[in-house]
Amino acid sequence: MQFRLVTDLTPRGDQPQAIAELVEGVRRGEKHQVLLGVTGSGKTFTVANVIAQVQLPTLILSHNKTLAWQLYTEFKSFFPHNLVCYWISHYDYYQPEAYLPATDTYIEKELSILEEIERYRLETLTALVSGRRDIVVVASVSAIYGLSDPTEFAQQCLTLRIGQYLPQQAVIQDLTNLMYRRSEVWNEPGTIYGKGDRLYVFPPYGKKAYRISFLGPAIEGLEEIDPSTRKPIARLQELTLYAANMFAVSPQRLEAAIASIQAELQEQVRYLLSSGKQLEAERLQKRTLYDIEQLRSLGYCNGIENYSRHLTGRAPGEKPYTLLDYFPRPFLTVIDESHVTIPQLKAMIGGDQSRKLVLVEYGFRLPSALDNRPLRFEEFEQLVEQVIYVSATPGPYELSQTGGAFVEQVVRPTGLVDPPVFVHPMEGAIDHLLEAIQRHRSWDGRTLVITLTKKLAEEVAQFLNRMHIPAAYLHSDLNAIQRVEIIDKLRQGEIQVIVGVNLLREGLDLPEVSLVAILEADKEGFLRSETSLIQIAGRAARNVQGEVILYADRMTESMERFIRESERRRQKQLAYNAKHGIIPRSAGRAREVPVAERIEAPAAVLPPHVEKLSLPELQALIEETRQRMLAAAEAEEYLTAARYRDEMRALEALLAQRAPSAVR
């Protein structure tokens with residue numbers, strides 16, 4: 001099938017030129033292109049047009065789950081007749097396997113898998129191996145984590161045809177080999193439900209169900225049915241069912257994997273014994289033989305991912321198979337917000353190698369567990385074929401790939417121009433800010449105030465409230481639900497001002513915001529770099545009354561570059577509007593916050609092993625949890641960050657009970 005773009009929109013502003021340049025670049029075979037698109041310029045619409053014209057399977061990478069979901073819903077609306085899939089990490093909670101040598105404490109892997117996300121992931125893999133090329137996959141950076149061999153996965157299917165000689169029991173056995181389970185519960189994903197001479201199959205991918213009717217030892221009927229009413233939707237001549245698990249392998253591959261695991265086990269046991277580590281050798285042998293027995297009897301075992309090298313037939317150190325290997329060639333890659341996503345891709349490999357080395361050293365895992373890893377960035381570079389980097393502020397990596405060249409999308413379809421930028425000294429800043437906020441309130445505009453510290457954010461918010469201006473601070477101490485509530489209150493007008501340290505991370509694309517005020521703008525650093533200033537100024541670019549005020553006592557190089565670039569864009573936008581007689585209008589309402597962001601994380605429950613930890617180990621675990629919380633917040637994974645925060649507080653409460661003086 002061909003991509004068919006369905007929309008009432010037509011390219012306007014800089015979009016026609018950007019679409020034409022990007023399409024021409026893809027057709028010329030350029031590996032790297034940069035789309036420098038300002039906030040509100042319709043970059044997603046531009047990319048959709050490019051996909052429709054070049055007709056290539058497309059992977060779209062986003063740096064966090066929330067933005068990935070927004071992109072997924074947008075592309076679903078643009079391509080309703082094509083395959084648009086969603087791929088993110090399926091873990092709701094994940095505590096990795098670990099060993100603490102100081103106290104001989106082994107920590108079992110604990111995880112909670114979101115079944116709905118698991119369904120999206122299986123749907124993606126089955127779509128990619130189905131043979132269709134009209135597919136868009138919107139993914140987080142979890143796309144570079146290891147999977148099974150795509151060739152093996154594609155072969156793990158069962159094709160049924162009307163009139164085929166295949167008894168019911170044989171079909172059940174074949175589906176069991178594909179890791180479907182027999183169930184007495186109707187409509188449970190990944191199960192088979194039998195009733196007389198009819199067999200009902202509920203794949204874990206998609207939301208479909210099938211009825212297979214038998215006449216003696218032959219298949220008499222194949223139907224897609226409504227799983228809720230059991231009524232037929234379509235009669236089929238042929239039906240292909242894919243595996244119910246991403247790690248399903250053929251019996252032949254499984255036996256080869258088991259033989260390879262046994263060989264590595266023997267070699268590692270010999271090494272441990274020769275090193276005087278008899279306890280470790282015995283532990284490794286016992287654990288691995290148990291896993292082998294599970295693999296033989298069930299085709300699966302806990303921690304099966306640690307044997308991925310054997311299950312996929314890879315050599316030691318060889319790169320893992322990932323989502324990228326499933327794509328039909330050639331394919332297009334679009335990296336959204338590339339200035340954030342590229343650094344994330346580069347950092348993924350460094351996370352768990354030291355933890356796994358300890359597990360290997362003490363006989364909990366075979367050395368091949370180290371090959372269960374994400375792609376190194378250089379491996380990622382080799383796998384992608386043609387890439388479009390999308391950002392309002394492309395990073396040095398992206399621009400180096402194109403020699404500094406980029407496709408510019410500065411003119412907005414709405415006619416909105418970049419907000420004017422004013423500089424005011426820090427002396428008298430609060431009084432000046434108060435006056436500016438009141439001015440914007442007069443036309444129902446909202447304000448974002450950016451400070452350098454959380455303490456100052458709280459103080460400014462408190463001051464504004466004392467001055468009868470409804471305000472709230474927004475920073476990392478607030479959980480995801482509190483953040484959503486504050487943003488909703490701003491949109492509804494219950495509060496007029498949000499004060500925060502790094503509001504870039506909040507996804508605040510709100511057309512109600514007409515004023516952005518940056519305190520201490522002359523303090524050079526990440527939060528006051530040219531890139532950050534451009535990004536935060538864009539928060540006022542969706543309102544026709546938009547304005548940016550920099551409070552500073554000196555002009556830094558970052559400020560100069562930002563102001564110069566902002567003015568260059570403004571002049572181009574104003575000239576376009578004048579030439580075409582366009583009167584700017586504010587953007588429409590911001591997107592609703594996804595339902596997933598409105599679900600409160602469950603209360604933290606500490607696993608039993610925590611009680612056995614020594615005080616130093618408990619303090620170390622608190623610090624590790626703190627780092628995970630900060631990393632999740634940095635990646636805008638607010639629910640995950642809130643969960644880690646709750647775990648950290650529970651750990652701190654436990655520490656306070658056992659050693660009050662140890663609590664900071």
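1. Secondary structure. In this predicted model, the protein comprises 22 helices and 25 strands. Two parts of the structure are taken up below, namely the pair formed by helices H7 and H8, and two glutamates of strand E14, Glu-223 and Glu-224.

2. Burial and surface. Of the 664 residues in the protein, 55% are buried. The accessible surface amounts to about 29200 Å², and carbon and sulfur atoms contribute 53% of this area.

3. Geometry of H7 and H8. Two packed helices are described by the angle between their axes and the distance between the axes. Helix H7 covers residues 251-274 and helix H8 covers residues 278-298. Their axes come within 9 Å and cross at roughly 175 degrees. Since an angle over 145 degrees counts as roughly antiparallel, H7 and H8 are therefore assigned to that class.

4. Residues between H7 and H8. On the H7 side, the contact is made by Leu-254, Glu-255, Ile-258, Ile-261, Gln-262, Leu-265, Gln-268, Val-269, Leu-272 and Leu-273. H8 contributes Gln-278, Glu-280, Ala-281, Leu-284, Gln-285, Thr-288, Leu-289, Ile-292, Leu-295 and Arg-296. By class, the residues of this contact are twelve nonpolar, five polar and three charged.

5. Glu-223. This residue lies in strand E14. Its relative accessibility is 7%, and Glu-223 therefore counts as buried, the cut-off being under 20%. The side chain of Glu-223 makes a polar contact with the side chain of Arg-235, at 3.2 Å. With residues up to four places away in sequence left out, Glu-223 touches Ala-209, Tyr-210, Arg-211, Pro-232, Ala-234, Arg-235 and Leu-236.

6. Glu-224. Strand E14, which spans residues 218-225, also holds Glu-224. At 16% relative accessibility, Glu-224 is likewise classed as buried. Beyond its neighbours within four places in sequence, Glu-224 is in contact with Lys-208, Ala-209, Tyr-210, Pro-232, Ile-233, Ala-234 and Leu-236. Ile-212 is twelve residues from Glu-224 along the chain, and the C-alpha atoms of the two are separated by 9.0 Å.

Notes
Residues numbered from 1 in each chain as written. Predicted model: local features only at pLDDT ≥ 70, side-chain atom pairs only at ≥ 80, totals over all residues. Heavy atoms only, no water. Helix = DSSP H or I, 4+ residues; strand = E, 2+ residues; numbered from the N terminus. Buried < 20%, exposed > 50% of the residue type's maximum accessible area, 1.4 Å probe, protein only. Areas by Shrake-Rupley, 256 points an atom, 1.4 Å probe, with all protein chains shown as cover. Axes fitted to C-alpha atoms, helices over the stretch in contact; angles between N-to-C directions. Parallel < 35°, antiparallel > 145°, perpendicular 65-115°, else oblique. Contact = heavy atoms within 4.5 Å. Nonpolar A, V, L, I, M, F, W, Y, C, P; charged D, E, K, R; others polar. Polar contact = N/O pair within 3.5 Å; in protein donor to acceptor, adjacent residues only side chain to side chain.
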